[in-house]
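Have a look at it first, and then read on.

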Amino acid sequence: MRYTFKRIGLLLITMLLVSFLTFLAFTLVSGDPAQTKLGTEATPERLAALRQEWGLDQPFFTRYFRWLAGFFSGNLGVSYHYSKPVWDLIASKVGVTLCMCLLSFLIITVVSIPLGIWSYRWVGGPFDWLRTAFNQLCMAVPPFFTGMLVSYGFGIVLRMFVPGNVPDLHTNFGAAVKHLFFAAVCIAIPRIAMTIRMMRSTVISEMNKSYVRTAISRGNDRHAVLTRHVLKNSLVSTITFLGQTMAEIIGGSIVVEQVFGIPGLGRFLVASIGYRDYPVVQTIVVLLAFWVVLVGTIADLLNQTIDPRLRLGGKA
Amino acid sequence: MKKKVLAITLVLALALTLLAGCGKSSAPAAATTTETPTASDAAERPNELSIGVAQDFDSLDPHHATAAGTKEVLFNVFEGLVKPTSEGQLVPAVASDVKVSDDGLTYTFTLRQGVKFHNGDTVDMQDVVFSIDRNRLAEEGGAALIPALGVIEDLSYDDTTLTLKLSEPSLELLSYMTLAIIPADYDQQETAPVGTGPFKFVSREAQDNMVLERFADYWGTPAKLDKVTFRIIENVEGLVMGLQSGALDLVMHLTSNETAQLSTKDFHVEEGSMNLVQALYLNNAVKPFDDVRVRQALCYGVDKQGIIDRAFDGYGIPLGTSMFPSFGKYYDESLTDYYTHDVEKAKELLAEAGYPNGFDMTISVPSNYQPHVDTAEVIKEQLKDIGVNATILPVEWGVWLSDVYGAREYQSTITGLTSDNMTARKLLERFGSQISNNFTNYNNSEYDEILAKAVTSTSDEEQTALYRQLEVNLTENAANVYIQDMADLVAVRNGVEGLTFYPLYVLDVSTLYWAD
């Protein structure tokens, strides 16, 4: 229990640090929100008025603590570009990105774990080099590239979905998930390849351990040893790896949302940085960071339930 | 062994479900690929259009919106007392009649009877006065939204007539009376705008779409389409893909490279002009561009037609000053060839100015806009011939606005300047030495004198002549290297007709319709 509290405390500190660094980054980058909003229509008077309205004339720490206080009281601020409360703008996008990321995670887990175990059987086999080469290829292809191929192939040629027209997640769940599925696959492909390689090497190294040799020499079936003991012992590193995968998926989603024209958080983040819409950027960055840290924490907590030695500070 | 069988069965089952899933989704889709646009198809097609736009809208409050792309679309939702036509005339809209006194000091508007807002209320004089005052009077922050309305000295009205008295004559006041008339007692304009235009606002999802519907109670010619959806797709590749996939029916502001990717079976391309002045804008306050001979040398060194041919496949109208053809009477075509491409002359001028071996310069280019980047590449090559070594600095749009446009910290830049109303003033006033948005630091006392006379002139003829003098002044002094009014290529799905080009940056969707 103490461990859980420690992890949650750590989570909060990470979040604070992330929010502070994001805030700091805005003051360092070139570009002024008021100037960006008014564009070539800007006059010195209107610029000054806008800066005052947004509180940009206040000192750095005043602005940061004001934002922090707002955040904890549930007020995420008002977007500069849209003049709308930030939460109203991003609420639907959180759902879209979450749905796509979970879909991608599901694909990775369902495809790569069985394949990873299965590929152990191939070790040293005649087609092992072919499998390795294919795996390398999948790892090397960036999601934006597969995204373009998939959009063209499945979208324009085969017409299985309509690029640039994502159905609404609430009113048309099935169609929206179908659309997101293609994007999720593009994010998943390189991670599937990595997970398979990780699984394979973990299984190989476990199989070379002395307890396995003993078990087999005692007459146990090789396959039975694999499923009963080796897989259980590989679980901790697999969960840790899948935790990291979730963070990678979030990163991949930012790129893939652009390619597929998916109205999610990542695409909104990129556009908002362009508009210098700091209240929006700040909120999205904190949300994404929260998600990454949360998944890491869950993976850790799961691992120490599986392997109680970890609670004492041991390493997996 | 049992387990093995189970495992194999599970894997097979999984594979089958995946396949079945794919099969299911492809079945109805395959049917659509074989369909060709036939008469029966047209009968079922909803009377609506999906239009792709490259940047998201900002505030939907017509008085607070600043992005050109937002105003372009809000044109369909809002109207002023007067509104522009595609020929560049101003015609009465919410007002039914406009009278200007001979001395140009009194404007009288008669309110059109029975004009309805989208919320069902009838427009009354309170709404009109509220809309004008909102732009004319300083806000809490201190600045009026339209400073030019400061010439209104007195505003008086009864139920049907509005009289504006000006402190000095202004022929251009009427173009500012295109400002949107909005309901006085309504505070949701930012998010749920209400106007009097042929289309009413339905919904909007940030970074995704905006939906407009025909307004049934519109006072004028009703729109032909029932519904229009604007879809926001920031990258051009995505827009082209959206057209190909059928998600979009119309996309404006494309280049010839992009329209070439579309099949003529599905699309036709209509060509208008962007109505902007694309130029290599020079910071007249920094060396070596503070010397008129250097600026002239650049004008001789840059081959406008060469740029249009190499970077724009020949689409575009070469310009010689800060004015484009669609502004009719203000445009002086003879200035286009004032500087003909002449490498020797350019070198002579540079030698005279003390740069016999040329010099190094930088061109800051907004990197989000590929046509300007392409232009910069061609200019860089052309300037090599006169010994000038140009370096291209790509800058992000936000940085461009604050550093180049705002702080004027640059040597030269490529951009396009537009006007959002039908006056020459917007395009020419910015080169006055005392004007806050004179980002080129052009400083010419003769120019300032003519400008002061032009804006207060009471005769349209005299004013036009003065504006044309300003254009000559800019050309003779080579204020900037003027290049072209860029072509505006619009990809339109076959069957969609009625696209109308305006001399302004607007898209009129009320004239669009499906022909069949």
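## Domains, helices and cores

Chain B is assigned two domains: domain 1 (10–19 + 77–176) and domain 2 (277–485); bounds like these come from an automatic or database domain assignment. Before we go further, a note on the ground rules: this is a predicted model, where local features need pLDDT of at least 70 and side-chain atom pairs count only at pLDDT 80 or more, while totals for chains, interfaces and linings use all residues. Residues are numbered from 1 along each chain as its sequence is written, and chains are lettered from A and ligands numbered from 1 in the order in which they are written.

How far apart are the C-alpha centres of domain 1 and domain 2 of chain B? They lie 32 Å apart. Even so, 11 residues of domain 1 of chain B are in contact with 11 residues of domain 2 of chain B; "in contact" says that two C-beta atoms, placed from the backbone, lie within 7 Å.

Now for chain A, which has 12 helices and zero strands. Helices here are DSSP runs of H or I with at least four residues, strands are E runs of at least two, and both are numbered from the N terminus. The C-alpha trace of chain A spans about 85 × 55 × 35 Å along its principal axes. Of its 316 residues, 38% are buried, with 20 or more other C-beta atoms within 10 Å of their own C-beta, placed from the backbone.

Chain A also meets chain B: 44 residues of chain A are in contact with 44 residues of chain B. On the chain A side, α3(A) gives the largest share, six residues.

Here is how two of the touching sides split by class.

What about the inside? A nonpolar core is a set of buried Ala, Val, Leu, Ile, Met, Phe, Trp, Tyr and Cys residues joined through C-beta atoms within 7 Å. The largest one has 195 residues, and among those touching the most other members are A:Ala183, A:Ile284 and B:Leu81. Helix α8 (residues 173–207) of chain A brings the largest share of this core, 17 residues. A second, separate core has five residues, including A:Leu38 and A:Leu47.

Methods:
Buried ≥ 20, exposed ≤ 12 C-beta atoms within 10 Å, placed from the backbone.
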